[in-house]
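Let's take a friendly walk through the aromatic rings of this structure. Have the sequence and the 3D view at hand as you read.

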Amino acid sequence: MVPENMKKQLALAVRSIQWSYAILWTDSATQPGVLRWGEGYYNGDIKTRKTSQGVELNSDQIGLQRSEQLRELFKSLKTAEISPQSKRPSAALSPEDLTDAEWYYLVCMSFIFNIGQGLPGRTLAKGQPIWLNNAHSADCKVFSRSLLAKSASIETVVCFPVMEGVIELGTTEQVSEDFSLIERIKTSFLNSLHVNVPNKSGVLKSRDQEDLAYVAFDHNANNVESIPEIGYDIANATSPDGSSNAFQANQPLDETFMVERITSGTSQVQSWQVMDDELSNCVHNSMNSSDCISQTFASPENIASSPKCNNPSDPRARDLQKCNNPKMTLVDPRSDDWHYQRVLSDLLKNSDQLLIRMHSQKFHQESSFVSWRKGGTMDCQWPRSGTSQKLLKKVLFEVPQMHLDGLHESQEENDYKEGMRLEADEIGMNHVMSERRRRAKLNERFLTLRSMVPSITKDDKVSILDDAIEYLRKLERRIKELEAQKGMTNIEPGTRRSPQDMVERTSDHYFSKSNNGKKPVVKKRKVCGVDETGREINSDALKGSYANDVTVSAGDNELVIEMKCPSRSGRLLEIMEAVNSFNIDFNSVQSTESDGNLHLTIKSVFTGATIATTKRIKQALQKVASKF
Amino acid sequence: MDNSTQESHLRSENSVTYESPYPIYAMAFSPSHPHRLALGSFIEDYTNRVHILSFHPDTLSLNPHPSLSFDHPYPPTKLMFHPRKPSPSSSSDLLATSGDYLRLWDVRENSVEPLSLFNNSKTSEFCAPLTSFDWNDIEPNRIGTSSIDTTCTIWDIERTVVETQLIAHDKEVYDIAWGEARVFASVSADGSVRIFDLRDKEHSTIIYESPHPDTPLLRLAWNKQDLRYMATILMDSNKVVILDIRSPTTPVAELERHRGSVNAIAWAPHSSTHICSAGDDTQALIWELPTLASPTGIDPMCMYSAGCEINQLQWSAAQPDWIAVAFANKMQLLKV
């Protein structure tokens, strides 16, 4: 039983040395051999002070009141957790009002320690004070709350045994080991305890209620079997304790402790230790690198179930494990931060998620992700209108069409679709489609050939082939002629034009479909236009601008395409194929080759049926032009 | 309670945001240069850009390398760096892009040079556009591409030849993923996931078909840590379907906690049971696959909200505690 004036004594002690907090860990009334929160006094930073009553308080009263309020807050959170339905009793403080140090203090209330375990437990077992410097960076095996301490910037923690249990003092300052300080406090502390001044301060009025709450709490904990759902909650709530056990179970630094642990423990404890080993290794690894996730999966189970090994009488162990596994494995054990975040969220399950996040963000490089909550984003505003998977669909469905646009495949695609539509019911659909495509390709090639041969008299395929043959023969003769000349160039330089200087080809009303009733354009006008454009292109070529090698201009009822690109065999064919795919009716095509460049001017009547925009045509041609 | 706290995620302590001049779609981490990542623009036009950035987790800084950005014809549908470390003698890094063609780029110290362009069409200069590709990390000379012409093409990129081309599906193939050196899987508009073995090209195994026939499957991710599992997403669906190749046709799990359609999935590079998904609901969710499925469905482990539809998601293999998401014209690196 905690003496009534204990809080006052703790207050005096901790304020005399100006440390942040004092906690008395005492024997649990319901679980012998276990140290739990007995009393505490918080002397650290306070963020907001809510004074519901307008009464002026002196610093003593403020401090006592604050400590009491923190305790109440903890109990209210606890209550809410055990019976979520019941409304949280109104506490003077809400979680939002707390500083990090107060959080630390608050979370400490949830810890229990077996004798010989944890800093308080070991102090009691040894009967010696323990002075811990750098508590925030202490190995979690030495000081299970080190991460919490880190968030609260607690640097020094001291434990020493007293009559009632263990006093723990902590401060945000770095205080070097000074056992005389402990002695001093102990003397004044214990002395004043003997004085036993009855303290009638109003803030202690809830003492009885608090004890009641303990009883209720422990009652639940011991009757997990009958109330499995509550047991579930308790299991989560006790996990900080569990983890501290696990962390401390193998403590290579403190061998005496190890011995104590083993001798006092049951055989069960030893078997657990193997797993604990694994756990701490994992935790260690994960501190350095987080690549051992699979290895550490087992650890939450250990954490959850390790409390049981220290409670040999415990019939709830089985249930604990049973009901914990699905839940606890959700903890990502890769980082201790995670674990503590989880502990906090379990502890404060019914309080604001925001709060936990706020708190946990104090850890360096905290995860960007937060724990998922069902319905947590119910009122989250995201654009619900519009197409779903908009960009993904564009990438998969539209980008390919962009590639195809302007290429001859699009022609095929149209044919393909047409074929599908018209003859979908026919058994020989595939054959029809492939035949249709073959014909389309054939026609296309003929038209291209026709555009390359200057003197074509008739439209039919035989004539085209005849003229092409004739043209080829002509070219062959020409080559022979030129080759013969080449031998003479040394004698007569410059008397003749070199063959690559200018080869001009003109074709008449290329690709004017005979069946669409379009009148062939008068030759005179056309030739004139062609000549003009040709000059322009040549002047462009002198400027040598490579980037703007394609211009597509749509004038009055006319589409003019001018382009220049490095000459290469088959280039013209490709260009014509690309242009063909836009279903453009041509008036004229003129191509010249000079200085290794191919100049091309295509004129066509601009019909409403042309679907492609000038931009599309330009893109398609640029693409052809940039090919090597 | 409070869900208006998304702003607080933009804290510099646990995420970095890069704002690009263009909308972003494709994205890749470099396994061999752990600080490097590539971003592909999404402009519905011919001219697009690929940017190379370097990311330093210690200082949480993201630096673009203007000298390493280059033009790409049409938006790249996927970017991927060489899955292995290059030979110690060379400091260069290979980057592959897909779009109208599969292209290889040599990312050097101060420049990016086009290495090769892969065209599998013998009859034409134009090959069918590629929806995606995957680089075989066991035999990195192998890249598989998926195309809207229903085929998958396996390239030997060292010899720049087609190793094989398979008519993989009845409709457009939307994604491809390698499992082993010679085994790959693909998803298609025909709604099936099929597994192919290059040693037996005659047969493929259908391991999943979308519940409503012809619901296209858009993306596929093979769990590299446990090859029994792969994940796929459907068109206009909030589901992530987890498949076990040992039990064809019946998914082992369906993750259905997204409130909008899912756009991207990525398995954890270092864990066999974790997967991240992102979608139109602006959320990125990290899931842990339980050993036993609960009857009420699987809840994600944790979540992040970007405030905007997330289009792309990559989990860094070199730095597994970082996930990159792309939304609108932003790329954000998130600490896991």
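Which charged end sits over the ring of B:Phe133? That of B:Lys78 does, 5.7 Å from the ring centre; a charge sits over a ring if NZ of Lys or CZ of Arg is within 6 Å of the ring centre and within 35 degrees of the ring normal. In chain A, A:Arg145 lies over the face of A:Phe111, 5.7 Å from the centre of that ring.

Keep in mind that this is a predicted model, where local features need pLDDT of at least 70 and side-chain atom pairs count only at pLDDT 80 or more, while totals for chains, interfaces and linings use all residues. Residues are numbered from 1 along each chain as its sequence is written, chains are lettered from A and ligands numbered from 1 in the order in which they are written, and side-chain values use heavy atoms, leaving out hydrogens and water.

Now to rings that meet other rings. Rings of Phe, Tyr and Trp (its six-membered ring) pair if their centres lie within 6.5 Å; planes under 30 degrees apart count as stacked, over 60 as edge-to-face and the rest as tilted. Over all chains there are 17 aromatic pairs. B:Tyr46 and B:Tyr74 are edge-to-face, because their planes stand at 80°, with ring centres 5.2 Å apart. B:Tyr74 is buried at 2% relative accessibility (buried means under 20% relative accessible area, exposed over 50%, partly exposed in between, with a 1.4 Å probe and protein chains only). B:Tyr46 is buried too, at 17%.

B:Phe184 and B:Phe196 are stacked, since their planes are at 15° and their centres 5.0 Å apart.
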